[in-house]
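Hello,

Here is the structure I promised to pass on to you. Please have a look at it first, and then read my notes below.

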Amino acid sequence: MANPAKWERLRPLRPDTLRPPMINLNVDDEVQFVRRTLKVKKPRFDASLVYLTRKFMDLVKTAPDGVLDLNEVATTLGVRKRRVYDITNVLDGIHLIQKRSKNLIQWV
């Protein structure tokens with residue numbers, strides 16, 4: 001039979017240990033604490049495809065000969081390559097850009 005001490009270590013965490021820390025964001029000491037997570041999220045608009053496409057187009061306009069490296073675009077925009085591929089696939093579908101190689105695109 002299994003050792004009970006072994007099962008004690010495998011117990012799930014208590015819910016109270018999973019809560020984010022409390023930070024006092026209030027100036028007045030009489031007001032209750034407000035719970036905030038420490039991770040700062042971007043606003044939804046900053047991660048939207050419309051916003052990223054506009055930033056992508058700004059990069060295309062400033063690129064020499066309209067040629068962009070998708071790896072550099074992903075790091076400049078601060079997004080995963082998958083999001084850049086979403087943008088390039090749509091622009092390629094409406095014939096505004098063409099793929100020169102795996103990671104290079106060119107404005108048509």
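Confidence in this predicted model is highest in helix H3 (residues 70–77), with a mean pLDDT of 94, and lowest in strand S2 (residues 34–35), with a mean of 50. That score is the predictor's confidence in each residue, on a scale from 0 to 100. Over the whole protein the average is 77, and 58% of the residues reach at least 70. Where pLDDT is low, the predicted coordinates should not be read in detail.

A word on how to read the numbers. Residues are counted from 1 along each chain as its sequence is written, and side-chain values use heavy atoms, with hydrogens and water left out. Local features need pLDDT of at least 70 and side-chain atom pairs count only at pLDDT 80 or more, while totals for chains, interfaces and linings use all residues.

Now to the fold. The protein has four helices and five strands, arranged along the sequence as α-β-β-α-β-α-α-β-β. Both kinds of element are DSSP runs numbered from the N terminus: helices are H or I with at least four residues, strands are E with at least two. Of the contacts with a separation of 6 or more, 38% join residues 24 or more positions apart; a contact here means heavy atoms within 4.5 Å.

As for the surface, the protein exposes about 9,000 Å², and carbon and sulfur atoms supply 56% of that. Areas come from the Shrake-Rupley method with a 1.4 Å probe, and for residues only the protein chains shown count as cover. Among the 108 residues, 19% are buried (buried is under 20% relative accessible area, exposed is over 50%, and partly exposed lies in between).

There is also a nonpolar surface patch made of Val-90, Ile-94, Leu-96 and Trp-107, with about 350 Å² of accessible area together. Patch residues have over 30% relative accessible area and no salt bridge, and nonpolar side chains (Val, Leu, Ile, Met, Phe, Trp, Tyr) are joined within 5 Å, like charges within 9 Å. A salt bridge would be a side-chain nitrogen of Lys or Arg within 4 Å of a carboxyl oxygen of Asp or Glu. Trp-107 belongs to strand S5 (residues 104–107) and is partly exposed at 34%.

Finally, two backbone details. Most residues other than glycine have a negative phi. Asp-65, however, has a positive phi near 60°; this residue sits in the loop between helix H2 (49–62) and strand S3 (67–69) and is exposed at 68%. His-95 also has a positive phi, of about 60°, and lies in the loop between helix H4 (81–93) and strand S4 (97–99), exposed at 64%.

Best wishes

Terms used
Buried < 20%, exposed > 50% of the residue type's maximum accessible area, 1.4 Å probe, protein only.
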